[in-house]
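Please look through the sequence and the structure shown below before reading on. The report that follows takes up the overall form first and then a few single places.

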Amino acid sequence: MRYEPVIGIEVHAELSTETKIYCGCKNKFGGEINSHCCPVCTGMPGSLPVLNGKVVDYAIKAGLAMDCDITRSSKQDRKNYFYPDLPKAYQISQFDLPLCVNGGIDIVVDGQKKRIGVTRIHIEEDAGKSIHDAVEGKTLLDYNRCGVPLIEIVSEPDMRSSADAREYLDTLKAILEYIGVSDCKMQEGSLRCDVNVSLRPEGQKEFGVRTEMKNVNTFSGAIKGIEYEIKRQTEILENGGIIEQETRRWDDASGTSLPLRSKEEAHDYRYFPEPDLMPIVISEEHIKEIGDTIPELPHVKKQRYIESLGLPEYDAGQLTQTKIIADFFENVMSYGVEAKPASNWIMGDVWGMMNERYLTMETLPFTAEMLAKMIKRIADGTISNTAAKQVLEAMFENAKDPDLIIDELGLKQVNDEGAIIAIIDEVLAANPQSVEDFKNGKQQVVGFLVGQVMRASKGKANPQTVNQLIKDALLKL
Amino acid sequence: MNYLALSAWEIAEKIKNKEISSVEVTKLSLERAKSMNETINGYITICEDEALKKAAEVDAKIAAGEKLSPLAGVPYAMKDNICTKNILTTCASKMLYNFKPPYDAFVTKKLDQADCVLIGKTNMDEFAMGASNETSYYGPVRNPRNTDCVPGGSSGGSAAVVAADMAYFAIGSDTGGSVRQPASFCGVTGLKPTYGMVSRFGLVAFASSLDQIGPITKDAKDAALVMNIISAHDSMDSTSLDISRPDYTAKLNNDIKGLKIALPKEYFAAASADVLEKTKEALSYLEKNGATVEEISLPVADYSLAAYYIISSAEASSNLARYDGVKYGYRAEKFDDITDMYRKTRGEGFGKEVKRRIMIGTYALSSGYYDAYYKKAQQVRGLLKKNYDEVFEKFDVIASPVYSTTAFKLGEKLSDPVEMYANDLCTVSANIAGIPAISVPCGEGSDNMPIGLQLMGKPFSEDLLLNIANIIEKGGRN
């Protein structure tokens, strides 16, 4: 019996607004414990929530970018449960009237295009953090994260493999990063996911029993978790067992999932509409305003790079993985550089030198304009490719203008044919054996002779020109 | 001169005229508060040092010739479920026995800015759940008019201290009648504003969609002056109305010719003979002044009580979930793990009535019951609001008793909570519909205990209600 996996994923993304969702505390990662809190986000007696409008805007933007319908009038609801990191003992969320519904994300897996449905996106507040290992026998609570705004993005169970899941997560992350609503830093917890996996016999329409896996902290963890779960469930089914509907916890260290709680222990959240907040009413104009701020999205951009700029799929993928990279690339081109050289330089030496120096795209010491200039100096013959690498090194060191660097380091190529011919003549005169060899058919001495010319010119002669002229000179002899 | 017996506006004038200083008045109030508290138990906390400091500041401002607000320098009391920075705010519960908020409620700030002098936090039913002030962790409050009787609740302390001249005015909170009913039992005036008129920021929540803060005063003019201070938009409360407010004293002395008053017979059905007599007398007096009175039927009124208890308990069960011993307040001493800590803390920290309501509320929201109870109750609420809107198309004001009897004896009604709930019939509708309502003294029963007349108005008609109350005070008061 062959089983088909059915996978759905819920992603929680922290929104990068200035302040929290219901109060004016700073929405910032890190910081001293319990320093970004106030009576509102710590749920003190008498405190009341006030909705941060930017949170709604960011959620709408995410919804539009994922092709969702925006709910014109929605509400917030209380999700009630007890836990020490939840100060009010309820989380303000959205239950049955989420802000965004019925969308989808297009992914490409093994060359096949596929659409993964997005059932809904809603806004909610984050809880605090429990710190279990700082003091023996005690758990400490840090409420800085309470009230950080989240969007929960729920997918349809449209994925059928871990590869689908990988593509979905990468695309979703890229979209959120592109539209600037989340910094998507999984290591800082600003992106978390819960994975739902079930199996059904191939050809069957009904879904099998699903398990939910929590505590997935990295995309690779999600993939490993999915694969593990598929294997675990397959083994059970093949041995005639049945799958229990339960919540499991993914343990990355051991590469296994462990049961967390069963259906019987499932919480009754007693959802009811939040009486302290007004309905969220959104006008057509406002939706349009937000829509107008959405840039070209990554998968669209990637296709355009492939089709219009003629870049290979791999390169297009690399250059569109974040908006800052894509913007930089397009910026370089806007100063008159062709796509291929721009992409080669960025993906090659720029990233190489950047990583060596532990820098990032955000902390590049030079501008796209400066890089463009450098590349154009190769195209116009001012410097050779080799010299350009030196220029780039210097740009990383002190962010000076390429032309200045070229002058200071004396890297200008010698293009003057007359000067080169003079050197060629000297070299040929000094290497009579090589000339003999050439006449006797040994083509490879050309390389040696070109090298000699380059040496004599201290590397400054334009190698293409040398090559051309030396062949001419040899043929004349 | 018995300064303590004066109204807030009367003493304020004397302070302004420098006939007496705020410090002197405050000292008198504090003395009276301390000496009577043994019997009345109206105060949980008396903040003597803070009060005298504030009073001295006010006197200094007056000496410097500053123009101050109409109630500057006047000592007042605040119900103990309203946050006062660094001053104990217990909600009359063991759960918050040591809670000193690091912030002021909106109304606390406003009253301080108006230079009123806070002299203490008043006793109440625990977490505002009750109608007799007998569920307080700090012991019951006694009615100053007869100390064997209850003062009403849940703002029993606030009403008692005003009635006993232990403060010139008090602030209470009203979720199902908790300002109006104790005002009625103690013979003072109590107003519940339209929902959204007074900010709930800093009011420890009981039922979020029903709670409103209101003044308890010796007369309508005082209530109007207090409303001028506390009724304002607050951006920290999403349910606070961002609309302009009138000068609540402007219409106090208007005549009421042509005022149309409706009397829903359902509200008079359970009233005692005394209550019927005195409320009808007050209504006759209004007729003499040009109003018309007509009996109507409000059938949905009978369902409002059930809707009230479901909605308020449900919201309370959620609002009180935060009292878990983790961050502040009471925490059980011995426990095995976190769940045990929750159970013991809440079991030990909450009184019986609070636990009863939390359980009712949790049940009403639980899976499988939500539709039948909470959702249904909210739908009834919508119907009731619609009913009231229809009545207000033909009438200006709805009148009723505040309660079916005068103040009952302490301990008399503790054995049957449901019967206690049933008596809230007259007052809960105003909270359910969000409309303003006032309780004004209109006489005494054969037991010499006060009786209040309730007037309910269209949204934002507080000034009209105060106007009518003023007329009744001037004419009919015993």
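Predicted model: local features only at pLDDT ≥ 70, side-chain atom pairs only at ≥ 80, totals over all residues.

## Surface and overall form of chain A

Residues are numbered from 1 along each chain as its sequence is written, chains are lettered from A and ligands numbered from 1 in the order in which they are written, and side-chain values use heavy atoms, with hydrogens and water left out.

Chain A has 15 helices and 16 strands, where helices (H or I, at least four residues) and strands (E, at least two) are DSSP runs numbered from the N terminus. Its radius of gyration is 30 Å, well over the 23 Å that the globule rule gives for 477 residues, so chain A is more spread out than a compact globule; the radius is taken over C-alpha atoms, and the rule is 2.2 Å times the number of residues to the power 0.38. Along the principal axes, the C-alpha trace of chain A spans about 95 × 55 × 55 Å.

## Burial and contacts

Of the 477 residues of chain A, 49% count as buried, a term that means under 20% relative accessible area, with exposed over 50% and partly exposed in between (1.4 Å probe, protein chains only). Among contacts (heavy atoms within 4.5 Å) in chain A between residues at least 6 apart in sequence, 69% join residues at least 24 apart.

## One side of a helix

Which residues of helix α5 of chain A are buried? In this helix, which runs over residues 298-307, they are A:Pro298, A:Lys301 and A:Tyr305. They cover an arc of only 60 degrees around the axis, which puts them on the same side of α5(A); the arc is that of the directions from the helix axis to the C-beta atoms. An α-helix has 3.6 residues a turn, so residues three or four places apart point the same way. The cover over the buried residues of α5(A) includes α2 (162-178), α6 (313-319) and α7 (323-334) of chain A.

Most residues other than glycine have a negative phi, and most peptide bonds are trans. A:Asn34, in the loop between β1 (3-14) and α1 (53-65) of chain A, has a positive phi near 55 degrees, and at 37% relative accessibility this residue counts as partly exposed. B:Ala92 also has a positive phi, of about 55 degrees, and lies in the loop between β2 (75-79) and α4 (106-113) of chain B, where its 0% relative accessibility makes it count as buried.

A cis peptide bond, with omega about 10 degrees, joins B:Gly153 and B:Ser154, and B:Ser154 is found in the loop between β3 (117-122) and α5 (156-163) of chain B.

## Two further residues

A:Asn102 lies in strand β6 (residues 100-109) of chain A and counts as exposed at 56% relative accessibility. Leaving aside neighbours within four places in sequence, its contacts include A:Asp67, A:Cys68 and A:Val118.

B:Asp463, in helix α16 (residues 462-476) of chain B, counts as buried at 7% relative accessibility. Beyond its neighbours within four places in sequence, B:Asp463 is in contact with B:Pro246, B:Tyr248 and B:Lys251.
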